[in-house]
Amino acid sequence: MNVKQRTIQSEVQISGVGLHTGHPVNISIKPAPENHWYKFQRVDLEGKPLVNVDADNVTDTSRGTTISQNGASVSTIEHLMAALVGLQLDNILIEIDGPEVPILDGSSAIFVEKLHEAGFVDQDADREYFEVASNIHYNEPERQVEIVAMPLDGYRLTCMIDFNSPVLGSQHASISNITEFHKEIASSRTFCFLHELEMLVQQNLVKGGDLSNAIVIVDKEIGKEELSKLEHVFNKKVEVASEGILDNVQLRHLNEPARHKLLDMIGDLALVGRPIKGHIMAARPGHAANVAFAKRIKAQIKKERSRKHIKTYDPNMTPVYDTVQIMKVLPHRQPFLMVDKILELSERHVVGLKNVTMNEDLFMGHFPGSPVFPGVLQIEAMAQTGGILVLNTVPDPENWLTLFLKIENAKFKNQVRPGDTVIFTCELLEPIRRGIARMKGVGMVGEKIVSEAELMAQIVRVKD
């Protein structure tokens with residue numbers, strides 16, 4: 001049984017301050033239609049530009065994850081994204097009136113709580129997962145970062161951190177299923193080392209930090225003078241607790257830092273653009289590595305999407321149309337008939353085949369010493385294949401012609417030589433209206449795309 005996409009039942013309003021800007025910000029988390037995924041909308045800017053949650057839109061990972069698009073940016077998105085993924089939501093619009101998502105308590109807990117209150121609703125479309133089919137690796141040897149995705153029917157995550165700190169040491173965190181996020185991970189807060197906090201203060205950052213939304217790890221001896229400086233900056237008395245952290249907060253879990261790194265990883269991998277099925281294991285991850293890994297997964301998705309165009313040709317199969325039958329539909333004849341067989345035909349797509357042979361007349365003049373099947377004739381073969389699709393909409397195709405009105409975005413990616421078998425697939429981009437069709441055509445030799453183009457054609461009656 002297919003899992004349906006889902007969104008929230010009602011709008012959620014949350015207000016807070018940005019961790020680094022210190023500016024108050026309001027967000028409205030809204031239901032969104034099917035196949036929308038996650039998008040931010042900067043309602044404080046002219047035109048209210050949208051920013052898609054997409055690895056290709058990441059512009060900064062230094063202190064959280066920042067995405068930018070259409071002249072707008074949104075930063076520190078990872079805790080909210082983790083909440084959406086952890087609650088298995090597919091389609092959400094986040095209206096925001098500032099450049100940074102509010103930090104709240106430094107975790108995903110408040111986001112999760114508010115979203116639960118709104119409730120969830122299933123949608124009609126099936127959820128489209130990225131399913132890890134074989135191991136995907138990423139590593140940064142200089143920083144000892146390693147991430148791997150392995151096949152699994154579910155979403156399991158394991159994280160190890162090791163900062164070479166006598167206080168923090170090595171920590172592990174894991175969940176065996178994404179359904180455990182709410183209970184095990186969502187409440188884990190962000191953390192930093194004291195020396196990092198001092199540097200951020202000097203850089204005039206963490207303006208929204210008030211020592212209640214972060215765990216501060218004291219990794220060095222600290223004197224009263226330094227404590228006094230921090231007390232002055234944050235207007236709060238602090239001491240070093242026995243666990244080696246500032247006593248500004250009490251740990252919610254003994255391994256809360258590792259759990260928060262796992263939270264960040266879940267949020268950052270939302271940049272893939274769809275839910276994941278697989279087991280992700282990470283050693284010493286950070287925002288930059290998470291984003292690089294998300295891009296690697298996106299590249300795999302693109303590769304698999306291209307492979308969906310691949311049609312395996314069985315020479316023993318009975319074609320929908322052979323050459324003689326094609327000539328009853330198309331007016332073309334040798335040497336200009338460019339389609340030998342039609343392998344598939346439906347209301348929305350057609351698959352045709354062209355055998356390229358050395359005895360074709362064109363090779364006498366087209367690079368006879370190094371024969372290459374011309375790109376322009378590949379487009380012609382693609383167009384003839386598409387013509388079969390369009391003529392299939394009338395009961396008497398022999399009385400009609402297909403005239404092409406436009407060819408756009410034509411690309412030639414690999415050479416076609418004698419001996420190659422080219423499989424052309426044409427799919428409608430929109431329903432045929434008034435005899436006019438828009439199609440996307442792709443030509444492939446084996447697993448390689450050789451040509452592609454967008455075609456517009458119209459059928460006209462030539463005989464009564």
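Biologist: With which side chain does Ser68 make a polar contact of 2.5 Å?

Modeller: A polar contact is a pair of N or O atoms within 3.5 Å; within protein, one must be able to donate a hydrogen and the other to accept it, and residues adjacent in sequence count only if both atoms are side-chain atoms. Here the partner of the Ser68 side chain is the side chain of Ser73, at 2.5 Å. The Ser68 side chain also makes a polar contact with that of Thr59, at 2.9 Å. This is a predicted model, where local features need pLDDT of at least 70 and side-chain atom pairs count only at pLDDT 80 or more, while totals for chains, interfaces and linings use all residues. Residues are numbered from 1 along each chain as its sequence is written, and side-chain values use heavy atoms, with hydrogens and water left out.

Biologist: Is Ser68 buried or exposed?

Modeller: Buried means under 20% relative accessible area, exposed over 50%, and partly exposed in between (1.4 Å probe, protein chains only). Ser68 counts as buried because its relative accessibility is 18%.

Biologist: Which residues does the UniProt annotation "active site" cover?

Modeller: Such annotations may be inferred rather than shown by experiment; positions follow the numbering used here, and feature names are shortened. In the unreviewed UniProt entry, "active site" covers His287 and His366. His287 is buried, at 14% relative accessible area, whereas His366 is partly exposed, at 23% relative accessibility.

Biologist: Which side chain joins that of His287 in a polar contact?

Modeller: That of Thr65, at 3.3 Å.
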